[in-house]
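Okay, thanks everyone, let me get the model up on the screen.

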Amino acid sequence: MTNHGSAAPSAADTRPAAPVTVVGLGPMGLVLAETLLAKGHPTTVWNRTPERATDLVARGARLAGSVADALAASPVTLMCLNTYDTMYEVFDPAGDALAGRTLVNLNSGTPREARAAAAWAAGRGLAYLDGAVMVPPPLVGEPDAVFLYSGDRTVFEEHRETLTSLGDPRHLGEDATLAVLHNTALLHLMYATANGFLHASALVGSAGVSAADFSRLALDWFLPGVLRPMLAQYAPAMDSAHYPGDLGTLVMNLNALEHITRTSAEQGVHTDLPRLMQQLAERAVAQGYGDHNYLSVYEVFKQPSQGAGARQSARAAVPASGDGPAVDLP
């Protein structure tokens with residue numbers, strides 16, 4: 001009799017998930033480790049503050065005693081630290097333990113920093129991929145959660161199955177700078193779009209329209225993708241100025257905005273727009289919103305621009321032309 005049921009599982013389906021090491025247990029690093037554990041990977045973790053690993057260890061993770069121990073525990077180490085400089089501080093003390101290991105870097109920065117990191121890794125006999133996480137922590141592990149990688153294609157293919165446990169891995173090319181460059185460009189698009197929504201909400205809010213009501217029209221009309229569910233979820237909280245930063249603070253976002261400005265300068269493209277977005281976030285931090293999430297920039301958009309009174313006076317002094325719009329000063 002012909003069997004019409006499911007096909008027999010392949011060897012890839014039945015072999016155990018590969019061991020993985022995660023170094024850096026901030027909000028994203030914790031989720032990476034949790035996801036790998038949940039998908040059956042024997043997971044080793046290391047963090048400069050070991051207490052961050054307590055819950056992971058309770059779930060079955062192994063806490064390494066040193067970075068060298070963490071590297072030796074798995075065929076691939078995922079790193080999720082704040083900066084490239086932090087990577088050097090953490091991994092350089094491992095010395096000869098780096099040789100022959102594989103490191104996947106998931107922090108943010110600029111192409112120049114990624115290029116230097118690839119050279120650093122090569123000089124220590126360390127196989128290296130530069131990468132970027134393109135989803136917020138709650139979406140890690142979903143099949144359509146996009147992760148970007150660049151660098152040695154052979155290294156990427158060797159660890160593709162492990163990387164697929166985190167989401168949808170996209171290899172952008174052998175040039176190690178491509179992941180961070182694409183990450184910066186896509187974040188620039190995201191912040192510009194989010195700022196457009198925040199400013200538009202402030203505009204209709206000046207007439208007493210709530211952000212929640214406006215979001216139902218604006219999001220149906222315009223926003224797809226990652227931003228839509230995020231803004232739909234948080235728009236009601238904007239009306240009560242409630243911006244919890246447990247999944248990412250404004251200070252963390254300011255770091256990314258600064259990378260966008262620096263990358264634009266490095267690549268020789270216009271910097272005014274990213275610099276403006278950076279300055280808006282800096283103003284919100286200065287007003288006490290550093291520990292809140294990025295949408296707290298809404299509080300800045302609800303205020304008059306700095307120096308607005310002087311510009312209004314200057315505009316009033318310019319006579320309007322007979323037909324067409326009045327002159328608008330920068």
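Let's begin with the overall picture and then move to the details.

A word on the ground rules: this is a predicted model, so local features need pLDDT of at least 70 and side-chain atom pairs count only at pLDDT 80 or more, while totals for chains, interfaces and linings use all residues. Residues are numbered from 1 along each chain as its sequence is written, and side-chain values use heavy atoms, with hydrogens and water left out.

So, the protein has 15 helices and eight strands; those are DSSP runs numbered from the N terminus, H or I of at least four residues for helices and E of at least two for strands. Of the 330 residues, 45% are buried, and buried here is under 20% relative accessible area, exposed over 50%, partly exposed in between, with a 1.4 Å probe and protein chains only. Take the contacts between residues at least 6 apart in sequence: 63% of them join residues at least 24 apart, where contact means heavy atoms within 4.5 Å.

Now, the second largest pocket. Which residues lie nearest its centre? They're Leu276, Leu280, Arg283, Phe301 and Ser305, out of 15 lining residues. A pocket, on a 1 Å grid over the protein atoms alone, is an open set of points where a 1.4 Å probe fits, with protein on both sides within 12 Å along at least five of seven lines; lining residues have an atom within 4 Å of a point. Two or more lining residues come from each of H9, helix H13 (272-289) and helix H14 (298-301), and H13 gives the most, with six.

Staying with H9, which spans residues 178-205, Leu189 sits in that helix. Leu189 counts as exposed because its relative accessibility is 53%. Its C-alpha is 10.0 Å from that of Pro274, 85 residues away along the chain.

Last, the rings. Aromatic pairs number five; Phe, Tyr and Trp rings (six-membered ring for Trp) pair if their centres lie within 6.5 Å, with planes under 30 degrees apart stacked, over 60 edge-to-face and the rest tilted. One of them is Tyr149 with Phe156, tilted, at 5.8 Å centre to centre and 45 degrees between planes. Both Tyr149 and Phe156 are buried. Another is Phe197 with Phe214, stacked, at 6.1 Å and 20 degrees. Phe197 is in helix H9 and Phe214 in helix H10 (residues 211-221), so this pair ties together parts 17 residues apart in sequence. Phe197 and Phe214 are both buried too.
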